[in-house]
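Here's a walk through one chain, from its overall build down to a handful of individual residues. Have the viewer open as you read.

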Amino acid sequence: MLKTLSTIGARGFTLIELMIGIVIMSIVMALAMPSYRAWIQNTRIRNTAEAIQNGLQVARMEAVRRNLPVQLVMGAGSAWTVGCVTVTATCPATIQSHSTGEGSSTAITVTSSGGTTFVFDAFGRRTTPAVGAGSTTLDVASSVLSAADSRPLRVTVDVGGNTRMCDPNTAIATTDPRHC
């Protein structure tokens with residue numbers, strides 16, 4: 001025997017059930033949106049700090065590889081360019097560059113404690129900013145987040161040319177590896 005639709009029973013959702021589902025999803029999205037925005041901005045801070053640290057490592061590596069002074073010059077926002085201090089046929093003015101739009105945004109600010117140019121010698125040591133100044137820091141933060149929501153990062157470059165990324169807001173503890 002053939003069963004008709006009325007005997008099988010219709011399956012699915014009613015319009016009221018769909019509307020209730022949409023309202024619940026809207027409430028959940030409205031509650032999650034502020035924390036999602038903070039998460040996105042903090043991810044951009046981390047991307048910018050990692051890009052700067054990578055640029056510093058490229059400049060140091062190229063200085064050792066070429067046996068010539070190589071510099072990283074910070075540009076507007078979070079942009080930077082790695083190139084030779086003295087341009088020759090074998091050592092170009094631009095070896096690698098990074099623009100503000102790559103993984104970052106204009107809402108990310110970078111402030112340096114020792115200028116915007118970092119020069120590494122043929123041994124990989126930092127020569128500029130002046131060696132007597134000790135470690136130089138680059139602070140990466142967001143200009144659109146409140147201090148409570150923001151997770152700023154700091155990139156340090158010591159006299160030997162070593163770079164390190166750390167969190168300036170961690171509690172002072174000798175056991176915390178994130179501490180600056």
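## Overall build

The chain has a radius of gyration of 26 Å, whereas a compact globule of 180 residues would come in near 16 Å (the radius is taken over C-alpha atoms, and the globule rule is 2.2 Å times the number of residues to the power 0.38). Along the principal axes, the C-alpha atoms fill a box of roughly 90 × 45 × 30 Å.

A word on ground rules: this is a predicted model, where local features need pLDDT of at least 70 and side-chain atom pairs count only at pLDDT 80 or more, while totals for chains, interfaces and linings use all residues. Residues are numbered from 1 along each chain as its sequence is written, and side-chain values use heavy atoms, with hydrogens and water left out.

## Elements and contacts

You'll find two helices and nine strands in the chain, and from the N terminus on they run α-α-β-β-β-β-β-β-β-β-β. Both kinds are DSSP runs numbered from the N terminus: helices are H or I with at least four residues, and strands are E with at least two.

Take the contacts in the chain with a separation of 6 or more: 52% of them are between residues 24 or more positions apart. Contact here means heavy atoms within 4.5 Å.

## Surface and charge

Of the 180 residues in the chain, 31% are buried (buried is under 20% relative accessible area, exposed is over 50%, and partly exposed is in between, with a 1.4 Å probe and protein chains only). The chain exposes about 11000 Å², and carbon and sulfur atoms supply 62% of that. Those areas come from the Shrake-Rupley method with a 1.4 Å probe; for residues, only the protein chains shown count as cover.

On the charge side, there are 14 positive and 10 negative side chains, and the centres of the two sets lie 4 Å apart. Lys and Arg count as positive and Asp and Glu as negative, with His and the chain ends not counted. Each charge is placed at NZ of Lys, CZ of Arg, CG of Asp or CD of Glu.

Helix α2 covers residues 15-66, and Glu-62 sits in it. Is Glu-62 buried or exposed? Its relative accessibility is 8%, so Glu-62 counts as buried. Its side chain makes a polar contact of 3.0 Å with the side chain of Arg-65. A polar contact is a pair of N or O atoms within 3.5 Å; within protein, one must be able to donate a hydrogen and the other to accept it, and residues adjacent in sequence count only if both atoms are side-chain atoms. Setting aside residues up to four places away in sequence, Glu-62 touches Asn-67, Val-70 and Ile-95.

Gln-53 is in helix α2 too. Gln-53 counts as buried because its relative accessibility is 13%. Beyond its neighbours within four places in sequence, Gln-53 contacts Val-155, Thr-163, Arg-164 and Met-165.

Asn-67, one of the residues Glu-62 touches, is in the loop between α2 and β1 (70-74). Asn-67 is exposed, at a relative accessible area of 56%. Its phi is near 60°, a positive value in a residue other than glycine.

## Loops between strands

Thr-90 is in the loop between β2 (80-84) and β3 (96-98), and with a relative accessible area of 62% it is exposed. Thr-90 and Arg-66 are 24 residues apart along the chain, with 8.7 Å between their C-alpha atoms.

Thr-116 belongs to the loop between β4 (108-112) and β5 (117-120) and is partly exposed, at 45% relative accessible area. Leaving aside neighbours within four places in sequence, Thr-116 is in contact with Leu-72, Val-73 and Met-74. Thr-116 and Ala-89, 27 residues apart in sequence, are 26 Å apart C-alpha to C-alpha.

## The β6-β7 loop

Where is the cis peptide bond? It runs from Thr-128 to Pro-129, with omega near 0°. Pro-129 is in the loop between β6 (126-128) and β7 (136-142).

Ala-133 is in the loop between β6 and β7 as well, and at 56% relative accessibility Ala-133 is exposed. The C-alpha atoms of Ala-133 and Val-159 are separated by 8.5 Å, with the two residues 26 apart along the chain.
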